[in-house]
Amino acid sequence: MLKRYCLSVFLLAMIGLAISPAGFAQEQNSESIIPEGTEIQLALLDPVSSKLSEPGDEIRAVVRRDVVVDGRRLLREGTEVIGRVTLAQPAGRPLKGGRLHITFDRIRLEGSEQKIAAILKSASDFTRDEKVKSDGEGTLKQGADGGQVVDNVITGAELGSFGVTIALLGGLAKSGNRGGFPTGAAVGGLAVLGGSVAAGVLLTKGKEVRLDQSAVIRLKLVRPVSIE
């Protein structure tokens, strides 16, 4: 009889533990996890540039859309996310685009900060109608400005054409305009034209990575985040 009574008490205690607030807290904690691979959209609060920003600059952003997992909202729109510039490489010549790496590693929840591990996938600046994709390590890279390349090539070709005209006239004058092919100066003029076009390409700088306020950042979590 005593053994049966003790067994009943033990079972009741176990049932009570299972439905206790601690049990509920444990269950809720297990559900409050944002899994690896989740994409989080952010809106920038601070402008950033591959030309003007420096490594170590703090960058702030806010969650642009609620992060929902299994029907539960775990990160609210407006939650602040903090990062820093870890690479800022200005654009250069020829056609060398700027490079920018931002590491977002903290979120602020009710006054406290919690670490996250995420990689930057892309950035979209709607004021410029531009989207910059990152490489596999999260670095944003720009290319060449096609319009600028064309303008520089045309300018170089126009300047070179003057040399070609002079060379052709000189070649024709020497040949007496007898229908022969111009040589010497004419060949040099053609070289000037080709060189001017090449110079137009070589002197063209790449584009800078520039993101204004409200630019949309897309992050991908590389480790799960437990929301406490």
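Reply: A residue counts as buried when its relative accessible area is under 20%. Because its relative accessible area is 5%, Ser 122 is buried.

Strand 10, which covers residues 118–125, runs antiparallel to strand 11, residues 130–133, and four bridges join the two. Within this pairing, Ser 122 stands opposite Lys 133 of strand 11. The hairpin that the two strands form has four residues between them, and there Asp 129 takes a positive phi near 55°. Leaving aside its neighbours within four places in sequence, Ser 122 is in contact with Lys 131, Val 132 and Lys 133, and also with Leu 140, Val 216, Ile 217 and Arg 218.

Turning to the loop between strand 9, residues 112–115, and strand 10, we find Ile 116, which counts as buried because its relative accessibility is 11%. Not counting residues up to four places away in sequence, Ile 116 touches several residues, among them Val 81, Phe 104 and Val 225. Arg 106, ten residues from Ile 116 in sequence, has its C-alpha 5.5 Å from that of Ile 116.

A word on confidence belongs here too: the protein averages a pLDDT of 75, and 59% of the residues score at least 70. Over residues 17–30, however, the pLDDT is below 50, and over residues 146–157 it stays under 50. Where pLDDT is low, the predicted coordinates should not be read in detail.

Technical notes: Residues numbered from 1 in each chain as written. Predicted model: local features only at pLDDT ≥ 70, side-chain atom pairs only at ≥ 80, totals over all residues. Heavy atoms only, no water. Pairing = 2+ DSSP bridges. pLDDT = per-residue confidence, 0-100. Contact = heavy atoms within 4.5 Å. Buried < 20%, exposed > 50% of the residue type's maximum accessible area, 1.4 Å probe, protein only.
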